[in-house]
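Hi everyone, thanks for making time. I'd like to walk you through one structure today, so please have the viewer open.

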Amino acid sequence: MTRSRRASARPPSGARSVERLEDRTVPAGRPLVYDAPAAGVLVVQVRAAAVEVVGGATAAVLARRPVAEVAGVRVNGNGFDVSLRIDASARAVPGEVHFDGGSGSNALLGPADAATWRVTGPGAGSIVNTRPLTFSGVEQLRGAAGNTDDFRFAPGGRLAGTVDGGPGGFDAVALPGGVYGRVEFTATAPDAGTIVRDGNLLTYAGMEPVTVADAVVSDRVITATALALRRPAGATDRLVLDSDTDLATMESHEFPDPTNSLTVNLGSNPAGSVDRLTVGALGAAGFALTVDGGAGRDAVRLEGDADLGGRDLAVTAEVIEVTNAARDVDLAAGDITLTAVGDEAGLSAGSNLPLDIVDSLEGDRRITVDTRGTVAGRAVTFEASRVATLVARSGRSAAGGRMSRSR
Ligand SMILES: [Ca+2]
Ligand SMILES: [Ca+2]
Ligand SMILES: [Ca+2]
């Protein structure tokens, strides 16, 4: 039961002044405290006007007290590997629900309805919806399936394990605020990856967009495949990296311009595939831009105007294009270095040596610059070359190229 207090009448003249209080609810009972006796999954819920702690596997009621007699719930992991699931009905608990995982490995499993999570310290934070729910000593956060989970990590927010949005629905990671020297984002699956903020590692899974809103970052490094770098519509100081194919290899990643440099690593892709990055119109951008295709075949296309304000532009990929069928492309930067190179190991020389190295090997290292546009820099360097490691089978030697005998 709750009651509200307020001072109603103005005090008579000369009487002691009485301050008018806001309406407030005051839980009438005392906290329901449950210390886990063993590892396992626990659930906090409200059933039949009672607050319950039940076993996740057995649904056995472990603790129960009428709602009217409860002022907050505290579940202690008590040193065990305990996970706590918050049933949506727990919003009817009077007062605060707190889960202290303690020294064990602990997961907090969110409610089935929409939840906004705030992680403000190491393994600590809250779910802020209609009822406050706080947690500490927690290693894993997991949202429910098919809902909206919004995870917000403050600059000091850390998690030793994984933050998982859960299957389906629309779940997001946001990293609002903060000033960082270096932020590294690595996509490991369409909905999973890592974010390292000055050494603070965050591992995520089951997410749709990832946004790093409002953070000030000097050097930003992003490792992900098959994507486009562009400005959101109407924006002049924000960027979006996202997949440019139906077969998404990462989720959308939006962030403010870094103050010093942006590095995009396309990473290693398997033989027969091509990592493709399209760089749209960046307009005025005051950061150095480095794109490195990494291992595997890579194609980078610069198809919009960009002025890096005297900072350098460097692109390394097998195929580099500065072109746009619809318009001129004007690039301005400090040093501009476009390098179309790539090692290709294990190419069989067969039994017909010497190879025609020019025709066979150089055809797919290419830099294309549309002459309608301009490429203006302090030093502009284009290099296209290929290094092949030939594998001879019968002791013959290759003419040209680099040779190794691996079998
Ligand atoms: Ca713990
Ligand atoms: Ca979810
Ligand atoms: Ca690659």
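**Calcium sites, a core and some parallel strands**

Let's start at the calcium ion listed as ligand 1: its protein donors are Gly102 (O), Gly104 (O), Asn106 (OD1), Gly137 (O), Glu139 (OE) and Glu139 (OE), and they lie 2.3 to 2.6 Å from the ion. Please keep in mind that this is a predicted model.

Why is the arrangement around this ion irregular? The six donor atoms subtend angles of 51 to 176°, and octahedral would require opposite donors over 155 degrees apart with all other angles between 65 and 115. For those of you who like patterns, the donor residues are spaced G-x1-G-x1-N-x30-G-x1-E in sequence. Asparagine 106 sits in the loop between strand 9 (97-100) and strand 10 (107-109), while glutamate 139 sits in the loop between strand 13 (132-136) and strand 14 (140-142), so this pair ties together parts that are 33 residues apart in sequence. Are these two residues buried or exposed? Asparagine 106 is buried, and glutamate 139 is buried too.

Now zoom in on glycine 102, which is also in the loop between strand 9 and strand 10. Glycine 102 is partly exposed, at a relative accessible area of 29%. Leaving aside residues up to four places away in sequence, glycine 102 touches Ser136, Gly137 and Glu139.

On to the interior. In soluble globular proteins, nonpolar side chains tend to be buried together. Here the largest nonpolar core has 78 residues, and Leu108, Leu141, Leu277 and Leu289 touch the most other members. Strand 18 (residues 179-189) gives this core its largest share, four residues. Take leucine 141 as an example: beyond residues up to four places away in sequence, its contacts include Leu108, Trp117, Val119, Phe135 and Phe151. Leucine 141 also touches Leu159, Thr162, Val163 and Asp164.

Let's move to another calcium ion, ligand 3. Which atoms coordinate it? They are Gly267 (O), Asn269 (OD1), Asp275 (OD), Gly293 (O), Ala295 (O), Asp298 (OD) and Asp298 (OD), at 2.2 to 3.0 Å. The spacing of these donor residues in sequence reads G-x1-N-x5-D-x17-G-x1-A-x2-D. Alanine 295 is partly exposed, with a relative accessible area of 45%, whereas aspartate 298 counts as buried at 1%.

Now for the strands. Strand 26 (residues 261-265) and strand 29 (residues 288-292) run parallel and are joined by five bridges. Within that pairing, threonine 263 has threonine 290 as its bridge partner in strand 29. Strand 29 also pairs with strand 32 (residues 313-316), again in the parallel sense, over four bridges.

Last stop: an open sheet of four strands, in the order 28-31-34-38, with parallel pairing. Strand 28 (283-284) and strand 38 (374-376) are at the edges with a single partner strand each, so one side of each has no neighbour in the sheet. Strand 28 pairs with strand 31 (residues 306-307) over two bridges, in the parallel sense. In that pairing, alanine 284 has aspartate 307 as its bridge partner in strand 31.

Technical notes: Residues numbered from 1 in each chain as written. Chains lettered and ligands numbered in written order. Predicted model: local features only at pLDDT ≥ 70, side-chain atom pairs only at ≥ 80, totals over all residues. Heavy atoms only, no water. Donors = N, O, S within 2.8 Å, 3.2 Å for Na, K, Ca; no water. Tetrahedral: all angles 85-135°; square planar, octahedral: opposite > 155°, others 65-115°. Buried < 20%, exposed > 50% of the residue type's maximum accessible area, 1.4 Å probe, protein only. Contact = heavy atoms within 4.5 Å. Core = buried A, V, L, I, M, F, W, Y, C linked by side-chain atoms within 4.5 Å. Pairing = 2+ DSSP bridges.
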